[in-house]
Amino acid sequence: MKLQAPENELLTKSAAQLAALIKAGEVSSREVVAAHLQRIADVEPQVHAFLSVDAERALAAADRVDAKRMNSEPLGSLAGVPLAMKDNYAYQGLPCTCGSRMLEGWYPPYDATVTKRLLENDIIILGKTNLDEFAMGSATENSAFGVTCNPHDLERIPGGSGGGSAASLAAFEAPLAVGSDTGGSIRQPASVTGTIGIKPTYGGISRFGIVALASSLDAPGPCARTVMDAALLHQTMAGYDRLDSVSINAPIPAAQAAASNPDLRGLKLGVVKEFTGEWFQSGVMGQFDQALTHLVAQGAEIVEVSCPHFEVAMGANFLIMAAEISSNMAKFDAVRYGLRSGDDGQHSAQQVTSLSRGAGFGAEVKRRILLGTHALSTGHYEALYGSALKVRTLVIQDFDAAFSKVDVLVSPTSPVTAWKIGERSADPLTTHHADLCTVPSNLAGNCAGSFPIGVSADDGLPVGFQVIAPAMGDALLYRVGAGLENAFGVTGEVL
């Protein structure tokens, strides 16, 4: 069953359109924010995209934007536009749970760098969205606070880990959202919800104030329903930050310019030979082939490339991720952070830590901590973690070789469309295959994005087209994305 489309036309407008209307005084930011808050109230019982809604502060922030406009003060490119924030970003005044009982009720005493930049540019934060616990999952079924549903079919998953952010866009609860991508957690939800999700170049957007999953893989990024909206949000979020040790001190990619000038003539698109086979749904491949035809018609050239180590990238990504999870989750010990259980004077400090972690962490988090600890243990380090690092190097070399021949690589974002809630819960390995095409970019640190290309002939569900560009080639993503949008339209306009 599809979610009912909204009647209020403010809800279906793009963020850029809303910003222009607000700046011109044709509509107030308060009206826009109130309309989205009402939509959230109306559909959340069906979608469950949000874990917390910050209505009072959102309306107060909207009033400040309206006052600035009345006083002819400078306004940012997205001033007054509402946004949904994944619940692993720190934002003072709202809980930051990461979808886990371990952090239930925790209010961060500081803002993430991305949060600060959003607020400084007068973007209105509506609330925090649902995610797989500590961003570990591909379906948003692992949240301790309930499952999020896909607005295109409420019986199906919205992808993960950032399914809440993607679902909020597809449900017209917000025109903008932010997420984080460690193995596809922005791009795969975008694919299965018919929205846009960008994983920027590693270090292009600050990670400071975002609860770490796997520090060498994590990349915060923008989510939207149009290419231009994603580009504008990307430019707002990006930039050097001395608080993030991997932050790149370089000019911000010209995403907006690329999104507004989709000239594909002479652009070489590399179709990855390894991204096909038994895991790929026929309807997904059919839409992908159709998209290639449209891009060729706009002047692009198709070149088949081979990246042989992409076939083992998923295993390497999972091992490296698990190892870093084992390290990053160690701080949740009932002393420094998190839930505290068993502190009744009858248990030792070690027992309190054990009881707290047992009660606070869900099954998937425990599974990955155990795997990561094993991979880092004496006698297994070289065979497991060490081997995964070697594969990572080979994947990077595959990218280097491919980019010497083509400008970007292209593939389906996800091999499959959204599956039914609970359908894959008993088989985590099958679920992980939804990230088959997305994990190589996290290993290499380059940029990638997912753009909607219609629906599968198999089931009528959204299909995503992935574009992968070299590091610092983020503008290329928007250039190709704009070409796809020219061919397929804005899929999110109607449900």
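Q: How do you know what counts as a helix here?
A: Helices are DSSP runs of H or I with at least four residues, numbered from the N terminus. This is a predicted model, and in it Ala19 sits in helix 1, residues 15-24.

Q: Why is Ala19 called buried?
A: Buried means under 20% relative accessible area. Ala19 has a relative accessible area of 7%, so it is buried.

Q: What makes up the surroundings of Ala19, not counting residues up to four places away in sequence?
A: Ala19 touches Ser77, Leu78, Ala79 and Val81. Contact here means heavy atoms within 4.5 Å. As for Asn88, its C-alpha is 26 Å from that of Ala19, and the two are 69 residues apart in sequence.

Q: Why is helix 2 described as roughly antiparallel to helix 3?
A: Helix 2 (residues 29-47) and helix 3 (residues 55-70) pack at an angle of about 160°. Angles over 145 degrees count as roughly antiparallel, so helix 2 is given that label relative to helix 3. Their axes are 8 Å apart, and the crossing is right-handed.

Q: Which residues of helix 2 and helix 3 make the contact?
A: Helix 2 contributes Ser29, Arg30, Val33, Ala34 and Leu37. From helix 3 come Ala55, Ala58, Leu59, Ala62, Asp63, Val65 and Asp66. By type, this contact has eight nonpolar residues, one polar and three charged.

Q: What stands out in the largest nonpolar core?
A: That core has 141 residues, and those with the most contacts inside it are Phe134, Leu409, Phe465 and Tyr478. Helix 10 (residues 313-328) gives the most to this core, with eight residues. A second, separate core of seven residues includes Val192, Ala418, Trp419 and Ala434.

Q: Which residues does Tyr478 contact, leaving aside its neighbours within four places in sequence?
A: Tyr478 is in contact with Ile198, Pro222, Val227, Ala230, Ala231, His234, Ala255, Ala258 and Ala259.

Technical notes: Residues are numbered from 1 along each chain as its sequence is written. This is a predicted model: local features need pLDDT of at least 70, side-chain atom pairs count only at pLDDT 80 or more; totals for chains, interfaces and linings use all residues. Side-chain values use heavy atoms; hydrogens and water are left out. Axes are lines fitted to C-alpha atoms, for helices over the stretch in contact, and angles run from 0 to 180 degrees between N-to-C directions. Helices (H or I, at least four residues) and strands (E, at least two) are DSSP runs, numbered from the N terminus. Angles under 35 degrees count as roughly parallel, over 145 as roughly antiparallel, 65 to 115 as roughly perpendicular and the rest as oblique. A crossing is left-handed if the near helix is turned anticlockwise from the far one by less than a right angle, and right-handed if clockwise. Ala, Val, Leu, Ile, Met, Phe, Trp, Tyr, Cys and Pro count as nonpolar, Asp, Glu, Lys and Arg as charged, and the others, Gly among them, as polar. A nonpolar core is a set of buried Ala, Val, Leu, Ile, Met, Phe, Trp, Tyr and Cys residues joined through side-chain atoms within 4.5 Å. Buried means under 20% relative accessible area, exposed over 50%, partly exposed in between (1.4 Å probe, protein chains only).
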